[in-house]
Amino acid sequence: MFSLFYGLWKYVFSKTEFHVLILGIDKAGKTTLLEKLKSLYSNVEGLPPDRIVPTVGLNIGRVEASNTKLVFWDLGGQSGLRPIWEKYFEEAHAVIYVIDAASPSRFEDSKSALEKLLRHEDLQGAPLLIVANKQDLAGAVSVDELSRYLDLKELDERQHMFEAVCAHDGMGVKEGIDWLVEVMQRSKRTERLRIRADQDRNSSSYMSAMATQICNQISSVFSPPSTSATSNSRPSALSVAVEEIKVAVVDRNGRVFVHGVGREGLMLKALCMRLSHLGISAHCVGDMTTPPISSSDLLIASAGPGGFSTVDAICGVAKSNGARILLFTAQPDSGSAAEYATAIGFIPAQTMANDDVANSGDKEEELSQGAVSSTRRNLLPMGSVYEGTMFVLFEIVVYELGSLLGQSPDAIRSRHTNLE
Ligand SMILES: Nc1nc2c(ncn2[C@@H]2O[C@H](COP(=O)(O)OP(=O)(O)OP(=O)(O)O)[C@@H](O)[C@H]2O)c(=O)[nH]1
Ligand SMILES: [Mg+2]
């Protein structure tokens, strides 16, 4: 029974990500502590103290401690930056409040900033770890002295602990984090946040925020930065595709063949179906009924990352039979498939070739309401942006071709299969 319960407990918490805010007035040592946490709990070496500068935005650290994923948000403590803190309260599971124990002249400022956050309703029930930092310095007060000095009534109703810490050498850090993880796992606030996250996921605004992000990513592929030399020197994928298909079917009375692998292949199959709706003789390479390709025909192939052995081979056969080859790719200059192409449809999107997982997290982030955090995981990983772009691009191609070929909506609809 115990092992069943323990298994369930582990399952629930191995999936939970706790957000811990590191707050405190300027120069308390918050960022130094964050960097020490990274060194202690992950294989990323944190910045050494002499390279840490006062924080203006947000620093993020992700670590795993006691089988639990912890995300630390470290914010700047200068008085002008403190109003930003409350933006993060709602999503925080707990707070680490850092005080420079060796600077009694700043205790008053520290105390009033702490009092303010303890009164904030968005932080209700959040466990609080108060760090008496800089214990290595001669003038540092003990946790008892600090606790006496602070004398906060609000602390009575809140799970809290004082910990003597030296962020430079890590003294006291693990003890504080062990306590924090344990209380976060049992806290009612964690349960409330979990229920709210489930509700958010089920809400239409959450889905709409996700959909907007996906659409924005795809839309940005169509407007790459003007500094991009490759995209500036090439005609758009839309104009190339419309021209190639038009010339093949109208001027040469030829057919269109499509070929791609994986999800790129599925997008091309969708295009093939839409071309059939336009009255074009279109075929998917590999189908039992695919006719032989000839010099009046067009092969549309895709190799997002630049080349695939099967795509290269099919392009080679089409070329040796005199057909034109329109290749969609994100790597027009270096890919192996481009050698066979007679026209390139350049799609400047991320593919498997440049899905840089290592660099996709831990950037500065803004968590506005309804927005989905960009640093958690890539919403469109690997080749998803490329494939999503193909789908959208092909709808535009079909729309343009429909006008060019004088196809009415009724005529297009009449070609839809009735065998389904
Ligand atoms: N001696 C000693 N100095 C420390 C310790 N922790 C931090 N410091 C120093 O305190 C100064 C401020 O540290 P930061 O980590 O930048 O402080 P912060 O709270 O992030 O400051 P803001 O970003 O401005 O809010 C730096 O010079 C640190 O090296 C410590 O444990 N011992
Ligand atoms: Mg800082």
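The shell around ligand 1 holds 8 nonpolar, 8 polar and 5 charged residues. This is a predicted model. Of the 21 residues around the ligand, five come nearest: Lys30, Thr32, Thr55, Gly77 and Asp136. Helix α2, residues 30-41, supplies the largest share of the shell, with 3 residues.

Turn next to the polar atoms. Glycine 29 takes part through its backbone, where an N or O atom lies 2.9 Å from an oxygen atom of ligand 1. Threonine 31 takes part through its side chain, with a polar atom 2.9 Å from an oxygen atom of the ligand. Asparagine 133 faces a nitrogen atom of ligand 1 instead; an N or O atom of the asparagine 133 side chain is 3.2 Å from that nitrogen. How much of ligand 1 does the protein bury? Taken alone, the ligand exposes 650 Å², and the protein buries 84% of that.

Now the site itself. Ligand 1 sits in the second largest pocket. The volume of this pocket is about 410 Å³. Its lining counts 23 residues, and Lys27, Ala28, Gly29, Lys30 and Thr32 lie nearest the pocket centre. By class, the lining divides into 9 nonpolar, 9 polar and 5 charged residues.

Which element gives the most to this lining? The answer is α2, with 3 residues. Helix α2 also gives the largest share of the ligand shell. Lys30 and Thr32 are among the residues nearest the ligand, and both are named among those nearest the pocket centre.

Key
Residues numbered from 1 in each chain as written. Chains lettered and ligands numbered in written order. Predicted model: local features only at pLDDT ≥ 70, side-chain atom pairs only at ≥ 80, totals over all residues. Heavy atoms only, no water. Near = heavy atom within 4 Å. Polar contact = N/O pair within 3.5 Å; in protein donor to acceptor, adjacent residues only side chain to side chain. Areas by Shrake-Rupley, 256 points an atom, 1.4 Å probe, with all protein chains shown as cover. 1 Å grid on protein atoms, 1.4 Å probe; cavity = no way out; pocket = protein on both sides within 12 Å on 5 of 7 lines; lining within 4 Å. Sits in = over half its atoms within 2 Å of the grid points. Helix = DSSP H or I, 4+ residues; strand = E, 2+ residues; numbered from the N terminus. Nonpolar A, V, L, I, M, F, W, Y, C, P; charged D, E, K, R; others polar. Points joined across faces, edges and corners; volume = space filled by probe spheres on them.
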